[in-house]
Amino acid sequence: MSQNSLDMLRRRIEDLDVALLKLLNERAAVSVQIGKLKAQDGLSVYDRLREEAVYGYLLEHNQGPLKTSEINRIFSNIISVSRRLQSTGDHEARGRSADDTATRAVSGNTSVYGILGNPVTQSMSPVMHNAAFRLLGIDAIYLPFEVHDVRGAIVGMRALQIRGASVTHPFKTSIPGLIDEIDATAREVGAVNTLVLEGNSIRGSNTDWAGAVRCIQGLLPIKDNRFVVVGAGGAARAVVFGITREGGKITLVNRTRDKGLPLAEAFGLPFVPLAEIEKVSGECLINTTPVGMYPNIGEMPVPKGVLSRYKAVVDVIYNPLKTRLLKEAEAAGCLVTNGVDMFVYQGAEQFRLWTGKEPPVELMRDVVVDALAQGQSD
Ligand code: ATR
């Protein structure tokens with residue numbers, strides 16, 4: 001094929017892509033309108049019969065070389081984006097986005113959920129859970145609660161019949177002493193990140209470890225692989241518990257022996273000080289410290305020279321989406337993943353505990369990534 005005809009065909013593709021993009025944006029704008037009408041009428045974003053009808057008319061009209069499976073693949077992405085747009089509104093409206101969308105539908109019957117922490121202003125949980133409630137048509141709202149008195153917050157949760165809550169920094173390890181019941185797993189992890197109100201009783205659970213397991217399994221199997229976990233705080237506890245439960249082998253590495261050794265001993269793990277990390281290796285390195293988190297994005301928890309010893313590197317940080325650790329690890333040829341999946345999966349398991357329904361994980365991830373990307377570009 002001559003260079004000229006290749007160039008010509010590529011120009012034709014470019015024109016078609018631009019035309020498609022214009023049509024997709026028009027479609028997105030209509031989806032936003034539909035989302036507003038559904039919110040006004042209190043209708044669920046997800047409508048199985050309607051989605052089936054869309055696939056139906058597409059196949060009816062298909063005259064080109066695309067196979068049914070290819071059409072389904074392309075349109076399942078388009079429909080997923082539509083659901084997100086219907087749940088969270090358009091880009092210009094983002095300032096008023098998910099929370100307002102949910103607020104519009106609040107009535108006397110609306111169940112209240114929230115996050116207990118301090119600070120909570122940067123939390124992605126409200127955006128994520130409100131979008132999920134909207135998608136499934138659940139009459140509920142999720143609010144940020146900046147807690148100044150954790151004991152009072154628990155009393156208030158019972159008094160106000162707040163149906164469930166996420167617990168975040170700095171209360172994950174202090175809240176167990178204040179609630180009525182702690183499930184076996186949260187007890188073993190040594191931290192509570194989820195509260196469920198039943199009648200007048202509050203039960204504490206932990207979903208962080210399950211988030212960590214699903215996130216790691218997206219990169220490599222856990223069973224019989226060797227993990228080097230850096231850090232000894234709450235995030236490290238959940239990661240260590242999850243890997244141990246799934247049959248992985250761990251070496252715990254921490255800056256201070258004082259904090260590292262008790263965690264290592266509690267799980268029967270070898271402990272190595274961070275200053276000696278060159279002495280250890282494994283299939284996967286996991287950072288659970290805040291080193292490299294915004295605004296200190298130039299920092300790294302381990303020296304870059306050790307990264308090539310690992311097949312995979314996980315960073316529990318998700319702001320920035322790609323930390324310096326992950327950039328250097330990629331350059332060293334490692335598979336990498338950030339903390340978004342861990343965060344989304346722990347939230348998905350909370351949603352399951354509160355509602356008993358299958359969480360819309362795909363949408364939850366979409367809105368979180370979108371909100372983070374928006375925050376990082378501002
Ligand atoms: P979380 O509960 O959110 O995991 P945390 O309890 O504050 O947070 O724990 C943070 C972990 O990151 C700790 O293990 C801490 O190490 P120390 O035990 O030595 O304090 C680790 N960490 C924090 N800043 C660090 C730094 N600059 N270099 C190395 N480790 C650091």
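How many bridges join strand β5 to strand β6, and do these strands run parallel or antiparallel? In this predicted model, strands β5 (residues 194-198) and β6 (residues 201-205) run antiparallel and are joined by five bridges. Within this pair, Thr194 is found opposite Ser205 of β6.

Six strands make up an open sheet with mixed pairing, in the order β2-β1-β3-β5-β6-β4. Its edges are formed by β2 (140-146) and β4 (181-182), each of which pairs on one side only. Helix α5 (residues 125-135) packs on the sheet, where it touches β1 (111-117), β2 and β3 (164-167); the direction of α5 makes about 170 degrees with that of β2. Helix α12 (residues 340-355) also packs on the sheet, with contacts to β1, β3, β5 and β6, and its direction makes about 5 degrees with that of β5.

The ligand, finally, has 17 residues around it, of which Gly233, Gly234, Arg255, Lys259 and Thr289 come nearest. Helix α9 (residues 234-245) gives the most to this shell, contributing three residues.

Notes: Residues numbered from 1 in each chain as written. Predicted model: local features only at pLDDT ≥ 70, side-chain atom pairs only at ≥ 80, totals over all residues. Pairing = 2+ DSSP bridges. Helix = DSSP H or I, 4+ residues; strand = E, 2+ residues; numbered from the N terminus. Contact = placed C-beta atoms within 7 Å. Axes fitted to C-alpha atoms, helices over the stretch in contact; angles between N-to-C directions. Near = placed C-beta within 6 Å.
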